[in-house]
Number of protein chains: 2
Amino acid sequence: MATEIERKFLVLGTPWASLPKGELMRQGYLTASKQKVVRVRIEGDAAMLTIKGATQGISRGEWEYAIPVKDAQELLELCDQPLIEKYRYRIPFDNMLWELDVFIGANQGLVVAEIELESEHQVFAKPDWIGAEVSDDARYLNSNLQRQPYSTW
Amino acid sequence: MATEIERKFLVLGTPWASLPKGELMRQGYLTASKQKVVRVRIEGDAAMLTIKGATQGISRGEWEYAIPVKDAQELLELCDQPLIEKYRYRIPFDNMLWELDVFIGANQGLVVAEIELESEHQVFAKPDWIGAEVSDDARYLNSNLQRQPYSTW
(Lines give C-alpha, C1' and ligand atoms only; values in the text may rest on other atoms or scores of the structure.)
Protein backbone atom coordinates (compact mmCIF):
# COMPACT_ATOMS: atom_id res chain seq x y z
CA MET A 1 0.00 0.00 0.00
CA ALA A 2 1.16 3.47 -0.83
CA THR A 3 -0.17 6.42 1.13
CA GLU A 4 -1.47 9.26 -0.98
CA ILE A 5 -1.19 12.62 0.76
CA GLU A 6 -2.42 15.50 -1.31
CA ARG A 7 -3.74 19.02 -1.02
CA LYS A 8 -6.15 20.54 -3.47
CA PHE A 9 -6.72 24.17 -4.46
CA LEU A 10 -8.87 26.24 -6.74
CA VAL A 11 -7.08 28.01 -9.55
CA LEU A 12 -6.94 31.73 -10.32
CA GLY A 13 -6.91 32.77 -13.96
CA THR A 14 -5.95 30.39 -16.75
CA PRO A 15 -2.32 29.44 -16.12
CA TRP A 16 -2.64 26.50 -18.52
CA ALA A 17 -3.64 28.67 -21.48
CA SER A 18 -0.05 29.11 -22.69
CA LEU A 19 0.92 25.47 -22.19
CA PRO A 20 0.78 22.59 -24.67
CA LYS A 21 -2.59 20.80 -24.45
CA GLY A 22 -2.84 18.60 -21.34
CA GLU A 23 -3.30 14.85 -21.40
CA LEU A 24 -6.94 13.74 -21.66
CA MET A 25 -8.01 11.59 -18.72
CA ARG A 26 -11.18 9.52 -18.70
CA GLN A 27 -12.04 7.86 -15.43
CA GLY A 28 -14.91 6.10 -13.77
CA TYR A 29 -15.76 4.30 -10.56
CA LEU A 30 -16.74 0.68 -10.05
CA THR A 31 -17.60 1.68 -6.51
CA ALA A 32 -17.09 4.86 -4.54
CA SER A 33 -17.78 5.61 -0.90
CA LYS A 34 -15.98 7.29 1.99
CA GLN A 35 -14.56 3.91 2.90
CA LYS A 36 -13.29 2.73 -0.47
CA VAL A 37 -13.03 3.65 -4.10
CA VAL A 38 -12.29 1.46 -7.13
CA ARG A 39 -11.29 3.69 -10.03
CA VAL A 40 -10.57 2.93 -13.68
CA ARG A 41 -8.55 5.55 -15.53
CA ILE A 42 -7.25 5.94 -19.06
CA GLU A 43 -4.63 8.61 -19.65
CA GLY A 44 -3.22 8.72 -23.16
CA ASP A 45 -1.98 5.21 -23.95
CA ALA A 46 -1.84 4.05 -20.32
CA ALA A 47 -4.53 2.72 -18.02
CA MET A 48 -4.70 2.07 -14.30
CA LEU A 49 -6.96 0.26 -11.89
CA THR A 50 -6.72 2.02 -8.54
CA ILE A 51 -8.19 1.19 -5.15
CA LYS A 52 -8.28 3.82 -2.45
CA GLY A 53 -9.08 3.23 1.20
CA ALA A 54 -10.78 5.47 3.73
CA THR A 55 -9.76 9.13 3.68
CA GLN A 56 -8.07 10.20 6.91
CA GLY A 57 -7.53 13.94 6.82
CA ILE A 58 -5.60 14.52 3.56
CA SER A 59 -4.19 10.95 3.49
CA ARG A 60 -5.55 7.84 1.87
CA GLY A 61 -4.23 4.33 1.30
CA GLU A 62 -3.80 3.57 -2.38
CA TRP A 63 -3.15 0.43 -4.42
CA GLU A 64 -2.55 0.92 -8.12
CA TYR A 65 -2.14 -1.52 -11.00
CA ALA A 66 -1.38 -0.90 -14.66
CA ILE A 67 -3.89 -2.69 -16.87
CA PRO A 68 -4.30 -2.93 -20.66
CA VAL A 69 -6.08 0.08 -22.19
CA LYS A 70 -8.50 -2.27 -23.93
CA ASP A 71 -9.53 -3.72 -20.54
CA ALA A 72 -9.94 -0.22 -19.16
CA GLN A 73 -12.19 0.75 -22.06
CA GLU A 74 -14.40 -2.23 -21.28
CA LEU A 75 -14.34 -1.58 -17.53
CA LEU A 76 -15.29 2.07 -18.02
CA GLU A 77 -18.55 0.80 -19.51
CA LEU A 78 -19.27 -0.97 -16.20
CA CYS A 79 -18.68 2.24 -14.28
CA ASP A 80 -21.37 4.67 -13.19
CA GLN A 81 -22.05 7.14 -15.99
CA PRO A 82 -21.21 9.77 -17.02
CA LEU A 83 -17.45 9.39 -16.68
CA ILE A 84 -15.16 12.09 -15.36
CA GLU A 85 -13.24 13.71 -18.19
CA LYS A 86 -10.52 16.26 -17.78
CA TYR A 87 -7.29 17.53 -19.24
CA ARG A 88 -4.35 17.22 -16.90
CA TYR A 89 -1.44 19.62 -16.98
CA ARG A 90 1.70 18.89 -14.95
CA ILE A 91 3.38 22.11 -13.93
CA PRO A 92 6.74 22.10 -12.09
CA PHE A 93 7.20 24.86 -9.51
CA ASP A 94 9.91 25.21 -6.88
CA ASN A 95 10.95 21.55 -7.19
CA MET A 96 7.40 20.31 -6.76
CA LEU A 97 4.98 19.07 -9.39
CA TRP A 98 1.52 20.59 -9.54
CA GLU A 99 -1.24 18.70 -11.30
CA LEU A 100 -3.82 21.00 -12.77
CA ASP A 101 -7.08 19.40 -13.88
CA VAL A 102 -9.29 21.25 -16.36
CA PHE A 103 -12.60 19.39 -16.35
CA ILE A 104 -14.86 19.00 -19.35
CA GLY A 105 -18.28 17.38 -19.77
CA ALA A 106 -20.62 17.66 -16.79
CA ASN A 107 -17.84 19.31 -14.77
CA GLN A 108 -16.95 21.89 -17.42
CA GLY A 109 -15.84 25.14 -15.79
CA LEU A 110 -14.13 23.45 -12.85
CA VAL A 111 -10.35 23.69 -12.56
CA VAL A 112 -8.42 22.38 -9.58
CA ALA A 113 -4.74 22.04 -8.77
CA GLU A 114 -3.31 19.27 -6.63
CA ILE A 115 0.03 18.70 -5.06
CA GLU A 116 1.18 15.37 -3.72
CA LEU A 117 3.18 15.53 -0.48
CA GLU A 118 5.57 13.28 1.40
CA SER A 119 4.00 14.15 4.74
CA GLU A 120 0.89 15.97 5.91
CA HIS A 121 2.81 18.92 7.28
CA GLN A 122 5.25 19.34 4.41
CA VAL A 123 5.89 23.01 3.57
CA PHE A 124 5.78 24.02 -0.09
CA ALA A 125 5.71 27.19 -2.17
CA LYS A 126 2.57 28.10 -4.10
CA PRO A 127 2.49 29.57 -7.59
CA ASP A 128 0.61 32.89 -7.73
CA TRP A 129 -2.29 31.22 -9.57
CA ILE A 130 -3.18 29.05 -6.57
CA GLY A 131 -6.48 30.08 -4.97
CA ALA A 132 -8.49 28.83 -2.01
CA GLU A 133 -7.72 25.42 -0.57
CA VAL A 134 -10.48 22.81 -0.96
CA SER A 135 -8.69 19.73 0.44
CA ASP A 136 -11.38 19.29 3.08
CA ASP A 137 -14.35 19.91 0.79
CA ALA A 138 -15.66 16.48 -0.22
CA ARG A 139 -17.57 17.95 -3.18
CA TYR A 140 -14.26 18.19 -5.01
CA LEU A 141 -13.45 14.50 -4.71
CA ASN A 142 -13.54 13.16 -8.26
CA SER A 143 -15.75 10.31 -7.08
CA ASN A 144 -18.26 12.88 -5.82
CA LEU A 145 -17.92 14.98 -8.97
CA GLN A 146 -19.06 11.88 -10.83
CA ARG A 147 -22.34 11.80 -8.91
CA GLN A 148 -22.81 15.51 -8.33
CA PRO A 149 -21.05 17.27 -11.15
CA TYR A 150 -19.99 20.89 -10.89
CA SER A 151 -22.76 21.90 -13.33
CA THR A 152 -25.36 20.87 -10.70
CA TRP A 153 -23.90 22.88 -7.79
CA MET B 1 -12.25 -9.43 -21.38
CA ALA B 2 -12.62 -13.13 -20.87
CA THR B 3 -16.06 -14.67 -20.69
CA GLU B 4 -16.63 -16.97 -17.75
CA ILE B 5 -19.21 -19.66 -18.47
CA GLU B 6 -19.78 -22.01 -15.60
CA ARG B 7 -22.33 -24.40 -14.16
CA LYS B 8 -22.67 -25.11 -10.49
CA PHE B 9 -23.96 -28.19 -8.67
CA LEU B 10 -24.53 -29.47 -5.18
CA VAL B 11 -22.38 -32.39 -4.11
CA LEU B 12 -23.48 -35.83 -2.92
CA GLY B 13 -21.42 -37.47 -0.21
CA THR B 14 -17.86 -36.41 0.57
CA PRO B 15 -15.84 -37.12 -2.58
CA TRP B 16 -13.01 -34.91 -1.29
CA ALA B 17 -12.50 -36.94 1.89
CA SER B 18 -9.88 -39.21 0.34
CA LEU B 19 -8.00 -36.40 -1.44
CA PRO B 20 -5.04 -34.36 -0.20
CA LYS B 21 -6.26 -31.22 1.61
CA GLY B 22 -7.55 -28.57 -0.82
CA GLU B 23 -6.07 -25.12 -1.22
CA LEU B 24 -7.39 -22.54 1.24
CA MET B 25 -9.03 -19.60 -0.51
CA ARG B 26 -9.88 -16.36 1.25
CA GLN B 27 -11.87 -13.87 -0.75
CA GLY B 28 -13.81 -10.69 -0.27
CA TYR B 29 -15.69 -8.08 -2.25
CA LEU B 30 -14.93 -4.40 -2.67
CA THR B 31 -18.32 -4.14 -4.33
CA ALA B 32 -20.86 -6.73 -5.38
CA SER B 33 -24.11 -6.33 -7.28
CA LYS B 34 -25.88 -8.01 -10.16
CA GLN B 35 -24.18 -5.55 -12.49
CA LYS B 36 -20.60 -5.80 -11.27
CA VAL B 37 -18.35 -7.44 -8.75
CA VAL B 38 -14.85 -6.51 -7.62
CA ARG B 39 -13.30 -9.48 -5.86
CA VAL B 40 -10.01 -9.90 -3.99
CA ARG B 41 -8.79 -13.45 -3.56
CA ILE B 42 -5.81 -15.13 -1.95
CA GLU B 43 -5.16 -18.75 -2.81
CA GLY B 44 -1.99 -20.18 -1.34
CA ASP B 45 0.85 -17.88 -2.36
CA ALA B 46 -1.06 -16.21 -5.21
CA ALA B 47 -3.54 -13.36 -5.20
CA MET B 48 -5.91 -11.96 -7.80
CA LEU B 49 -8.02 -8.87 -8.26
CA THR B 50 -11.02 -9.82 -10.38
CA ILE B 51 -13.80 -7.75 -11.87
CA LYS B 52 -16.94 -9.45 -13.13
CA GLY B 53 -19.64 -7.82 -15.24
CA ALA B 54 -23.35 -8.48 -15.34
CA THR B 55 -24.43 -12.10 -15.27
CA GLN B 56 -26.19 -13.17 -18.45
CA GLY B 57 -27.53 -16.66 -18.01
CA ILE B 58 -24.49 -18.72 -16.96
CA SER B 59 -22.02 -16.29 -18.62
CA ARG B 60 -20.24 -13.30 -17.18
CA GLY B 61 -17.51 -10.96 -18.43
CA GLU B 62 -14.37 -11.25 -16.35
CA TRP B 63 -11.16 -9.23 -16.04
CA GLU B 64 -8.50 -10.68 -13.80
CA TYR B 65 -5.15 -9.35 -12.58
CA ALA B 66 -2.47 -10.99 -10.46
CA ILE B 67 -1.51 -8.74 -7.54
CA PRO B 68 1.00 -9.10 -4.70
CA VAL B 69 -0.32 -11.22 -1.79
CA LYS B 70 0.62 -8.42 0.61
CA ASP B 71 -1.63 -6.01 -1.31
CA ALA B 72 -4.42 -8.57 -1.28
CA GLN B 73 -4.11 -8.99 2.50
CA GLU B 74 -4.52 -5.22 2.88
CA LEU B 75 -7.37 -5.06 0.37
CA LEU B 76 -9.24 -7.88 2.12
CA GLU B 77 -9.44 -5.59 5.15
CA LEU B 78 -11.33 -3.06 3.00
CA CYS B 79 -13.80 -5.73 1.91
CA ASP B 80 -17.15 -6.38 3.51
CA GLN B 81 -16.72 -8.79 6.43
CA PRO B 82 -16.75 -11.65 7.10
CA LEU B 83 -14.71 -12.96 4.18
CA ILE B 84 -15.58 -16.07 2.23
CA GLU B 85 -13.29 -18.92 3.19
CA LYS B 86 -13.24 -22.30 1.54
CA TYR B 87 -11.00 -25.17 0.59
CA ARG B 88 -10.83 -25.76 -3.13
CA TYR B 89 -10.26 -29.20 -4.60
CA ARG B 90 -9.57 -29.60 -8.32
CA ILE B 91 -10.83 -32.96 -9.55
CA PRO B 92 -10.22 -34.10 -13.14
CA PHE B 93 -13.01 -36.18 -14.68
CA ASP B 94 -13.48 -37.18 -18.31
CA ASN B 95 -11.01 -34.57 -19.57
CA MET B 96 -12.73 -31.77 -17.65
CA LEU B 97 -11.68 -30.13 -14.41
CA TRP B 98 -14.21 -29.89 -11.59
CA GLU B 99 -13.67 -27.35 -8.86
CA LEU B 100 -15.13 -28.46 -5.58
CA ASP B 101 -15.45 -25.80 -2.89
CA VAL B 102 -15.82 -26.89 0.73
CA PHE B 103 -16.81 -23.78 2.63
CA ILE B 104 -15.80 -23.00 6.21
CA GLY B 105 -16.68 -20.13 8.55
CA ALA B 106 -20.18 -18.68 8.14
CA ASN B 107 -20.78 -20.98 5.16
CA GLN B 108 -19.63 -24.15 6.92
CA GLY B 109 -21.63 -27.14 5.67
CA LEU B 110 -21.95 -25.88 2.11
CA VAL B 111 -20.15 -27.77 -0.64
CA VAL B 112 -20.53 -26.91 -4.33
CA ALA B 113 -18.90 -28.14 -7.51
CA GLU B 114 -18.31 -25.94 -10.54
CA ILE B 115 -17.29 -26.65 -14.06
CA GLU B 116 -16.04 -24.04 -16.47
CA LEU B 117 -17.25 -24.42 -20.05
CA GLU B 118 -16.19 -23.18 -23.46
CA SER B 119 -19.79 -22.56 -24.51
CA GLU B 120 -23.17 -22.46 -22.80
CA HIS B 121 -24.39 -25.65 -24.48
CA GLN B 122 -21.23 -27.69 -24.09
CA VAL B 123 -21.96 -31.32 -23.19
CA PHE B 124 -19.96 -32.91 -20.39
CA ALA B 125 -20.01 -36.02 -18.25
CA LYS B 126 -20.83 -35.76 -14.54
CA PRO B 127 -19.12 -37.71 -11.79
CA ASP B 128 -21.58 -39.75 -9.70
CA TRP B 129 -21.15 -37.36 -6.74
CA ILE B 130 -22.75 -34.47 -8.67
CA GLY B 131 -26.16 -33.53 -7.29
CA ALA B 132 -28.76 -30.93 -8.20
CA GLU B 133 -27.79 -28.02 -10.42
CA VAL B 134 -27.85 -24.57 -8.76
CA SER B 135 -26.43 -22.45 -11.60
CA ASP B 136 -29.56 -20.31 -11.64
CA ASP B 137 -29.91 -19.94 -7.89
CA ALA B 138 -28.38 -16.59 -6.98
CA ARG B 139 -28.06 -17.58 -3.32
CA TYR B 140 -25.06 -19.68 -4.30
CA LEU B 141 -23.12 -16.78 -5.81
CA ASN B 142 -20.11 -16.31 -3.57
CA SER B 143 -20.84 -12.58 -3.45
CA ASN B 144 -24.29 -13.41 -2.04
CA LEU B 145 -22.88 -16.02 0.33
CA GLN B 146 -20.80 -13.20 1.76
CA ARG B 147 -23.93 -11.25 2.70
CA GLN B 148 -26.27 -14.12 3.38
CA PRO B 149 -24.15 -17.01 4.48
CA TYR B 150 -25.39 -20.58 4.32
CA SER B 151 -25.70 -20.67 8.11
CA THR B 152 -28.50 -18.06 7.90
CA TRP B 153 -30.62 -19.89 5.29
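Which residues on the other side of α1(A) are exposed? They are Lys70(A) and Glu77(A). Exposed means that 12 or fewer other C-beta atoms, placed from the backbone, lie within 10 Å of a residue's own; buried means 20 or more. This is a predicted model, in which local features need pLDDT of at least 70, side-chain atom pairs count only at pLDDT 80 or more, and totals for chains, interfaces and linings use all residues. Residues are numbered from 1 along each chain as its sequence is written, while chains are lettered from A and ligands numbered from 1 in the order in which they are written.

Stay with helix α1, residues 69–78 of chain A. Ala72(A), Leu75(A) and Leu78(A) are buried here. Seen down the axis of α1(A), the buried residues fall within an arc of 100°, so they line one face of the helix. Their cover includes β2, β3 and β4 of chain A, along with β4 and β5 of chain B.

Now turn to the pair of chains.

The UniProt annotation "active site", from an unreviewed entry, covers Tyr29(A). Tyr29(A) counts as buried because it has 22 C-beta neighbours inside 10 Å.

Note on methods
Helices (H or I, at least four residues) and strands (E, at least two) are DSSP runs, numbered from the N terminus. The arc is that of the directions from the helix axis to the C-beta atoms. Two residues are in contact if their C-beta atoms, placed from the backbone, lie within 7 Å. UniProt positions are given in the numbering used here, feature names are shortened, and annotations may be inferred rather than shown by experiment.
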